[in-house]
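Colleague: I'm new to this one and would like to learn how to read it. Could you walk me through it, feature by feature?

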Amino acid sequence: MAQPVRYSADIERPEAGEAETIEGLKAQFKTILDTTSEDYGHAVRAVHAKAHGLVPGKLTVHGDLPPELAQGLFSGAGEYDAILRFSTNAGDILDDAVRLPRGLAVKVLGVEGDRLPGSQGDTTQDFITANAPAFAAPTPDKFLGNLKMLAATTDKAEGAKKVLSSITRAFEAGLEAIGQKSVLLNTLGGAKPVHPLGATYFSQTPFRYGEHVAKFQFVPVSGIKDFADETIDASGRPDANREAMNELLSEQGATWEMRVQLNTDLDAMPIEDGTAVWDEEASPFRTVATLTVVPQAAWTYGTSERQEDRLSFSVWHGLAAHQPLGAINRARKDTYTFSADYRGRFNGCPIHEPKGPEDVAVDPQTVT
């Protein structure tokens, strides 16, 4: 295997105009937030607004990792409490018949070490992932273009979105048949309606990995790996994903392997292109930890909504050893903070970093 690239600050190459683009992203986030807050009388996230599961778990870092993998949070064996949030990517709360990409955000608790700017004093490490290996746009300006389309459809007729979802899914299925995919079609409602617990999740963008550079991945193992190809029929079931997650998670819990893909060639594995998929033959994903959730309800109506109101997830919550890299991650910093601050002000519920898993613990026997 090729030697991993050594991290240095000069591997990032910011371009002129990024600050203006970030202001544009914040403006689109505000458009989405203003619209949905007026509709619901309550502020939800500007992206990944609808959660399908919110549960406590454990992240167990493996011991005896080779030196290139024993970095940052993973520098030594340990067990950490964690909070997991499963979602889809729209900024409004939609019927699950609208087929959208899945997301998994993981907040690891009790993590000590030098912190990223803006997260000083906290002891959490966030990992934000989606069930596609690359981001939907290569650069912040392209991300802004996509976000403008999404902002323009926020609050539009849900029936029309279901029709659009069916059409775009048909196009996407045709591309899959010839071994191709369209990230944009997935984003607009053409995503395959996979089971959230059976999906494999990717960080999509690169991060510092101590002395190196890496992407992250969560891969289902144990019983939930059998649901990797499972799809969910949401016809007439607006919360089908929550129902499916409650049924499966309460029966058997869930386990994922957390894996790391080290960057071994900055030309072939670029930092600044959010759509770049790094070659797994050149650098395979390697397991560094195990993420587990004991059998329990994934979502409890009347409780989970209140719990997630207090939480925010950001790639910029964490250790300096896992600094987000590349233009897309730089653009996420202020925009995610803007969205979280907006929710806190509108709802009169300040966002805070949790101190323990009890912030989302529910009765394991409660399935609603």
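**Reading the fold, step by step**

Modeller: Let's start with the inventory: the chain's secondary structure comes to seven helices and nine strands. Keep in mind that this is a predicted model.

Colleague: How much of the chain is buried?

Modeller: Buried residues make up 54% of the 368 residues. The accessible surface of the chain is about 15,200 Å², and carbon and sulfur atoms hold 52% of that.

Colleague: And what share of the contacts links residues 24 or more positions apart?

Modeller: If you take the contacts with a separation of 6 or more, residues 24 or more positions apart account for 79% of them.

Colleague: Which residues have the most contacts inside the largest nonpolar core?

Modeller: Those are F74, L84 and W256, in a core of 70 residues. There is also a second, separate core of seven residues, with I11, V213, I271 and L325 among them.

Colleague: Let's do strands. How should I think about the side chains of a strand?

Modeller: In a regular strand, side chains alternate between the two faces of the sheet. Now try that on β3.

Colleague: Which residues of β3 lie on each side, and are they buried or exposed?

Modeller: R102, L104, V106 and V108 are on one side, G103, A105, K107 and L109 are on the other, and all of them are buried. Eight of the eight residues of β3 are buried, so the rest of the structure largely encloses this strand.

Colleague: Which strands does β3 pair with?

Modeller: β2 is one of them: seven bridges join β2 to β3, and the two run antiparallel. In that pairing, F86 has L104 of β3 as its bridge partner. β3 also pairs with β4 (residues 124-130) over seven bridges, again in the antiparallel sense. There, K107 stands opposite D126 in β4.

Colleague: What about β1? How many of its residues are buried?

Modeller: Nine of the eleven residues of β1 are buried, making it mostly covered. Ten bridges join β1 to β2, with the strands running antiparallel, and T60 stands opposite E79 in β2. β1 pairs with β9 too, over four bridges in the antiparallel sense. For that pairing, look at K58, which stands opposite T292 in β9.

Colleague: Now a helix, please. What's the general idea there?

Modeller: An α-helix has 3.6 residues a turn, so residues three or four places apart point the same way.

Colleague: Why does the length of α5 make sense?

Modeller: Helix α5 has 13 residues (240-252), which at 1.5 Å a residue should span 18 Å; its end C-alpha atoms are 19 Å apart, so the two agree.

Colleague: Which residues of α5 are buried, and what covers them?

Modeller: The buried ones are A240, N241, R242, A244, M245, N246, L248 and L249. Their cover includes β1 (51-61), β2 (78-88), β3 (102-109), β8 (254-262) and β9 (286-293).

Colleague: Can we zoom in on single residues? Where is R330, and is it buried or exposed?

Modeller: R330 is in helix α7 (residues 327-347). With a relative accessible area of 16%, R330 falls under the 20% cut-off, so it counts as buried. The R330 side chain makes a polar contact with the side chain of E272, at 3.0 Å. Leaving out residues up to four places away in sequence, R330 touches E12, R13, P14, E18, I22, E272 and W316.

Colleague: And why is E257 called partly exposed?

Modeller: E257 has a relative accessible area of 23%, so it sits between the 20% and 50% cut-offs. E257 is in strand β8, and its side chain makes a polar contact with that of R259 (2.8 Å). Setting aside neighbours within four places in sequence, E257 is in contact with Q217, F218, V219, V221, T287 and A289. E257 and P220 are 37 residues apart in sequence, with 6.5 Å between their C-alpha atoms.

Colleague: One last stop: where does G348 lie, and is it buried or exposed?

Modeller: G348 lies in the segment after α7, and it is exposed, with a relative accessible area of 63%. G348 and A43 are 305 residues apart in sequence and 9.9 Å apart in space, C-alpha to C-alpha.

Methods. Residues are numbered from 1 along each chain as its sequence is written. This is a predicted model: local features need pLDDT of at least 70, side-chain atom pairs count only at pLDDT 80 or more; totals for chains, interfaces and linings use all residues. Side-chain values use heavy atoms; hydrogens and water are left out. Buried means under 20% relative accessible area, exposed over 50%, partly exposed in between (1.4 Å probe, protein chains only). A polar contact is a pair of N or O atoms within 3.5 Å; within protein, one must be able to donate a hydrogen and the other to accept it, and residues adjacent in sequence count only if both atoms are side-chain atoms. Contact means heavy atoms within 4.5 Å. The expected span of a helix is 1.5 Å times one less than its number of residues. A nonpolar core is a set of buried Ala, Val, Leu, Ile, Met, Phe, Trp, Tyr and Cys residues joined through side-chain atoms within 4.5 Å. Accessible areas come from the Shrake-Rupley method with a 1.4 Å probe; for residues, only the protein chains shown count as cover. Two strands pair if DSSP finds at least two bridges between them.
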